[in-house]
Amino acid sequence: MGNTTQKEAKDQRQGDPWFLGCGTEDCRDFGEVCSTDKAERRSQREGLNDLRNSTYMRTEADEGRIRPFENQRLMPGPQPPSFVSGTSAAASADSYHDLAADKYAAGDFDRAEELYLKALQANPRHLRSLCNYGALLQNIRQDYRRAEDMYLKALSVDDRDAIALYNYGLLLENAKHDTAGAETMYQRALAADPDNVDTLCNYGALIKTVHNDYAKAEQMYKAALTVSPNHVDTLCNYALLLRDCLNDADKARELIHRAQQLAPDDEWLQLYSRNF
């Protein structure tokens, strides 16, 4: 849903039931659901739900159309000078954090965790380490309580940090199923950074599924594409909205075609683009 390292897990998504079937020519050509295959496809859908829940993906229930969004973002940029307690501690925390980020990107999560903890030992208010260690705890350890604690500590350092707000919103929405709290975090993130494309995309998905406010969801997607015209997740989510809610199949196909050109190896597009 700018990505966090920048995408910590490969996007996967529940698909249209017409194309989870037996694969006969009739099914492919006409979208017919073979009666003997319904139970198998329902089992497949439930399995995909389990996978999405374990990796914090956005989706509607059962036969939903929302493309799964990305995991928590890693925070870029230097540590803001006003948040450090001393020059040597700041340098040490920065160094540990940067090493941790490299290990995280390489998939060495145990070593990354050790280094994030060293960074926080050097400077307990190190904003990037608080936020990024929270992402590791949520995405990799699935330790939601400690992840929430990291995000709250990050927000105690800077309550207008857009990435910490966005990450905490994802945790509230996907791990705690607190859509009202998530919406508040997304709104605060956008107040801090109106051009945060990740928040615009994920908030648009929430507005669509929770409030059924298709006009406002479209507004969020359009704003995201104004910031980043090639943002694949937004292109796909917007296409789903156009096809399923706004009855504009032609424009939906146009957006999916753009997404395919940008991400030809994307698994979701490979599997479900022919539904458009």
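Student: Where is glutamine 261 found?

Tutor: Glutamine 261 lies in helix α12; helices here are DSSP runs of H or I with at least four residues, numbered from the N terminus. This is a predicted model, where local features need pLDDT of at least 70, side-chain atom pairs count only at pLDDT 80 or more, and totals for chains, interfaces and linings use all residues. Residues are numbered from 1 along each chain as its sequence is written, and side-chain values use heavy atoms, leaving out hydrogens and water.

Student: Is glutamine 261 buried or exposed?

Tutor: Glutamine 261 is exposed, at 57% relative accessibility. Buried means under 20% relative accessible area, exposed over 50%, and partly exposed in between, with a 1.4 Å probe and protein chains only. Glutamine 261 is also 9.8 Å from valine 232, C-alpha to C-alpha, while the two are 29 residues apart in sequence.

Student: Thanks! What should I look at in α8?

Tutor: Start with its span. The expected span of a helix is 1.5 Å times one less than its number of residues. Helix α8 (residues 179-192) has 14 residues and reaches 20 Å from its first C-alpha to its last, close to the 20 Å expected.

Student: Which residues of α8 are buried?

Tutor: In general, an α-helix has 3.6 residues a turn, so residues three or four places apart point the same way. In α8 the buried residues are Gly181, Ala182, Glu183, Met185, Tyr186, Ala189 and Leu190. These buried residues pack against α7 (162-175), α9 (197-211) and α10 (214-227), with contact meaning heavy atoms within 4.5 Å.

Student: At what angle do α7 and α8 pack?

Tutor: Two packed helices are described by the angle between their axes and the distance between the axes. Axes are lines fitted to C-alpha atoms, for helices over the stretch in contact, and angles run from 0 to 180 degrees between N-to-C directions. For α7 and α8 the angle is about 165°, with the axes 8 Å apart. The two helices are therefore roughly antiparallel to each other, a word used for angles over 145 degrees. Among the residues making the contact are Leu165 and Tyr166 of α7 and Met185 and Tyr186 of α8.

Notes:
Angles under 35 degrees count as roughly parallel, over 145 as roughly antiparallel, 65 to 115 as roughly perpendicular and the rest as oblique.
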